Amino acid sequence: MAKSPGGNVTRTDVARVAGTSVAVVSYVINNGPRPVAEATRQRVLAAIKQTGYRPNAVARALASGTTKTFGLIVPNIANPFVASMAHVLLQESLNHGHIMLLGDAGDDRQRELELIQGMLNRQIDGLFYNSVDRHPYIDVVQASGTPLLMLDRITPRPGVSVLSMNERLAACDVTRHLLSHGYQQVGMISGPPAMFNARDRIQGWRDAMQERGLPVDESLIFPADYSRQGGYDAAQRMIASGRVPRALFASNEGQAIGCIRAFAEQGIRVPQDVALVCFNGTTQAVFHVPSLTTVRQPLSELAQRAIAMLKNQPEEGVMAELPHYIETGESCGCLQP
């Protein structure tokens, strides 16, 4: 079969083989907007197979005004919670007929900006954005006219809606859980001090201590990266300083796992010697030894609400808050390890 000039198979070629019009070929490929008789549809599909025609995604996007593509920017995909969140968002996007481009900033603000610009250049239909810190590049996204949903706890603004968990309250609740066991001394492995979510979690820990009238000992805050290595290093600093508290709040699951490893190397048992809880646990928490008591987020609900909010975003922008819950395990002493 002769191809169109340039060697690429076009819809005109498909129409010629199928014995129909180019418009009918388009209706079959796009499943509308007009119905096509089943016999004609089968002829077109057979012609597509015979010619090896492949729809041009760019041309379809220009014609329809949509690329059927979302973007997702996250701080660091190595964080198990972030990876779990990205997974459910990608799956839910597919349920809505969209693919999703994933941008991993690696905790680097400059890389984050480059990823945003790259996605906007691809004319995505909308962007889900969880920033490295509390200074996201919202103006860059707004200037493009691309719908935006922030997955950070920031103030909504026109054209920018927000879906997030109250991290300060969640940190307070999980610290309260430790205190309900009767512990009077609770330390904390925090995130990097420059990160706003680290400050929120520290403040939640302080809130719970102050509610009980307990002294807030800032020397029991051990900053670390949100990683297993960060938790391991923080625990080693505790041990070296002789300031290992009776109970401990780790700011994420990775830190908790690394911390437990460092304690085990020194014969410090969890929960018998140090009771421990953590933040943003994943399905890994129940399989760890000991299993982890952790703050959890309903990720399936997050994905469903995020897609709905992005697709039906009001002009003024809105704030929606996700619930959280505490999943009890062995690490705090609730269950027998």
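Trainee: How do you know that the sulfur of Cys-259 is too far from the closest cysteine sulfur for a bond?

Mentor: The model is a predicted one. A disulfide requires two cysteine sulfur atoms within 2.5 Å. The closest cysteine sulfur to that of Cys-259 belongs to Cys-278 and is 10 Å away, so the pair is too far apart for a bond.

Trainee: What makes the sulfur of Cys-332 too far from its closest cysteine sulfur for a bond?

Mentor: The closest cysteine sulfur is in Cys-334, at 3.4 Å. The cut-off is 2.5 Å, and therefore this pair is also too far for a bond. A search of the whole structure finds zero disulfides.

Trainee: Why do Cys-259 and Cys-332 count as buried?

Mentor: Buried means under 20% relative accessible area. Cys-259 has 0% relative accessibility, so it counts as buried. Cys-332 also stands at 0%, and therefore it counts as buried.

Trainee: What span does H11 reach, and what is expected?

Mentor: From its first C-alpha to its last, H11 reaches 19 Å, which is close to the 18 Å expected at 1.5 Å a residue.

Trainee: How do you know that the span of helix H10 agrees with expectation?

Mentor: H10 covers residues 228–241, and at 1.5 Å a residue its 14 residues should span 20 Å. Its end C-alpha atoms are 20 Å apart, so the two values agree.

Trainee: Which residues of H10 are buried, and what do they pack against?

Mentor: The buried residues are Gly-230, Gly-231, Tyr-232, Ala-234, Ala-235 and Met-238. They pack against strands E6 (186–190), E7 (221–223) and E8 (247–250), as well as helix H11 (253–265). Just after H10 comes Gly-242, with a positive phi of about 70°.

Trainee: What is said of helix H2 and the glycine that follows?

Mentor: In H2, residues 22–30, the buried residues include Val-24, Tyr-27 and Ile-29. Gly-32 follows H2 and has a positive phi, near 135°.

Trainee: What makes the phi of Gln-123 and of Asn-280 worth a remark?

Mentor: Most residues other than glycine have a negative phi. Gln-123 is not a glycine, yet its phi is positive, about 55°. Asn-280, also a residue other than glycine, has a positive phi near 55°.

Trainee: Which peptide bonds are called cis, and with what omega?

Mentor: Most peptide bonds are trans. The bond from Val-270 to Pro-271 is cis, with omega near 10°, and Pro-271 is in the loop between H11 and strand E9 (275–278). The bond from Val-289 to Pro-290 is cis, with omega near -5°. Pro-290 has its place in the loop between E9 and strand E10 (293–296).

Trainee: Why does Asp-133 count as buried?

Mentor: Its relative accessibility is 17%, under the limit of 20%, so Asp-133 counts as buried. Asp-133 is in the loop between strand E3 (126–129) and helix H7 (138–144).

Trainee: What volume does the largest pocket have, and which residues are closest to its centre?

Mentor: Its volume is about 680 Å³. Among the 37 residues that line this pocket, the closest to its centre are Pro-75, Val-82, Asn-130, Asn-197 and Arg-201. The lining divides into 16 nonpolar, 11 polar and 10 charged residues. Helix H5 (80–95), strand E5 (160–165) and helix H9 (196–211) each supply at least two residues of it.

Definitions and conventions: Residues numbered from 1 in each chain as written. Predicted model: local features only at pLDDT ≥ 70, side-chain atom pairs only at ≥ 80, totals over all residues. Heavy atoms only, no water. 1 Å grid on protein atoms, 1.4 Å probe; cavity = no way out; pocket = protein on both sides within 12 Å on 5 of 7 lines; lining within 4 Å. Points joined across faces, edges and corners; volume = space filled by probe spheres on them. Helix = DSSP H or I, 4+ residues; strand = E, 2+ residues; numbered from the N terminus. Nonpolar A, V, L, I, M, F, W, Y, C, P; charged D, E, K, R; others polar. Expected span 1.5 Å × (residues − 1). Buried < 20%, exposed > 50% of the residue type's maximum accessible area, 1.4 Å probe, protein only. Contact = heavy atoms within 4.5 Å.
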